[in-house]
Amino acid sequence: MRRHPLRLWFRFAYPHRPHKHRPCLPGRSEAHIAAALEGAALGAYAYGEYKSDLKDDQKPVEEIVLAVADKKELKALEGAANRAEKIAEGVHLVRDLVNTPPNLLYPESFAKRAKELTKKLPVTIEVLDEKALADGGYGGIVGVGQGSTRPPRLVKLSYAPKRAKRHVAFVGKGITFDSGGISLKPGAGMDEMTMDMGGAATVLAATVTAAALELNVNVTTFLALAENLPGGGAQRPGDVVTMRNGKTVEVLNTDAEGRMVMADALVDAAALEPDLLIDVATLTGAAIVALGNRTAGVMGTDDARDEVWEASKAVGEPMWPLPFPEELREGLNGRVADLSNIGERPGGALGAGIFLKEFVGETKWAHVDIAGPAFTQKAFGYSNVGGTGMSMRTLVEVIEREAAK
């Protein structure tokens, strides 16, 4: 798997005749220049890992040269270029992971990839295998993954700079392929379900980026990884599982699997009592119906929801705040268990968020549903066909704002 789309991101060059050279983007602030650099790097992405005969215009850009007037301008732009490089690397990492075929990216290999990415960073990593998950009472993750011959994993990453005063926790949905399980999805478009681990890819990349930028915030991240297949051992509609916090859930639809793996991981994240908890997931088709293919829905406690929404506006990633109507909670009451994993069809994205709310307690928490914008079939802006990396930059912006508090 390619580690970096660009072998060299930015190279600075002086013009042959400096006295005739106009400085890069004259009259623009450093923020404008930083945005231009970031946009150039984001647009440089291309994924051709498994194509044997790539044309030149299909290959990823290997170098971006930035002309500067003199050493003074160089010094002013180096910080902006470094940040743009790290941000774009994070987005491209998400894109690479989402675009990797599901026979090559599965829970165990995803966990190994996380270890590789953090090997040279001040990030510790812990991986729970299927036995540890069963022993630890992670009924949601175990249940979703039991139909596959490739068992589930829960990956915990910790970045803890010494002087950090704030703590942000992330949880990412990592369904490396989603067939729907026994509640099988239609065949048309099922190939796109290779992107159902986009949430886990996003929070992993945000953690790696925070460490690479040396942001002064504690970050703890959970990747809930499973493959949802209808094998002989798969869970059935009607099964009851016991979750990490002891609540029981009646599985009415095995295709509502994302909330099951997320719920277990959210329990562990909330137990750490972070200042802010954010989960990211390609969770519901209902979010696409409500908001389209390019806008993510953000829900949760009012303060956390608004903080994420403001950060998304600052970086230009479309999100829209959604409510938690009280009347939808009743539809999640189980017939034979504490909860059912689906409620009424109307407001399906909201019901999924309300389900997750049962597992975060009083934590300041935001839930981001990226089902629509995580993957695109049409190139637009700086996004090619495939994984977009949408919401990674929002998470980094949140971390930077937390660092400033």
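Let us begin with what lies over helix α9: the cover of its buried residues includes β9 (276-281), β10 (296-300), β11 (319-321), β13 (365-369) and α11 (392-403). Helices (H or I, at least four residues) and strands (E, at least two) are DSSP runs, numbered from the N terminus. The buried residues of α9 are A304, R305, E307, V308, W309, A311, S312 and V315; buried means under 20% relative accessible area, exposed over 50%, and partly exposed in between (1.4 Å probe, protein chains only).

Just after α9 comes G316, with a positive phi of about 80°.

## About the model

This is a predicted model, in which local features need pLDDT of at least 70 and side-chain atom pairs count only at pLDDT 80 or more, while totals for chains, interfaces and linings use all residues. Residues are numbered from 1 along each chain as its sequence is written, and side-chain values use heavy atoms, with hydrogens and water left out.

## Helix α6, an enclosed helix

Helix α6 (residues 198-212) has 15 residues and reaches 21 Å between its first and last C-alpha, close to the 21 Å expected. Because 14 of its 15 residues are buried, α6 is largely enclosed by the rest of the structure.

## Two positive phi values

Most residues other than glycine have a negative phi. E214, in the loop between α6 and β6 (218-228), has a positive phi near 55°. Is E214 buried or exposed? With 67% relative accessibility, E214 counts as exposed.

S391 also has a positive phi, near 100°, and sits in the loop between β15 (386-387) and α11. S391 is buried, at 1% relative accessible area.

## Where α1 meets α2

The axes of α1 (residues 30-43) and α2 (residues 71-99) come within 8 Å and cross at roughly 35°. Axes are lines fitted to C-alpha atoms, for helices over the stretch in contact, with angles from 0 to 180 degrees between N-to-C directions. Contact means heavy atoms within 4.5 Å. Among the residues making this contact are I33 and L37 of α1, and A80 and I87 of α2.

Technical notes
Expected span 1.5 Å × (residues − 1).
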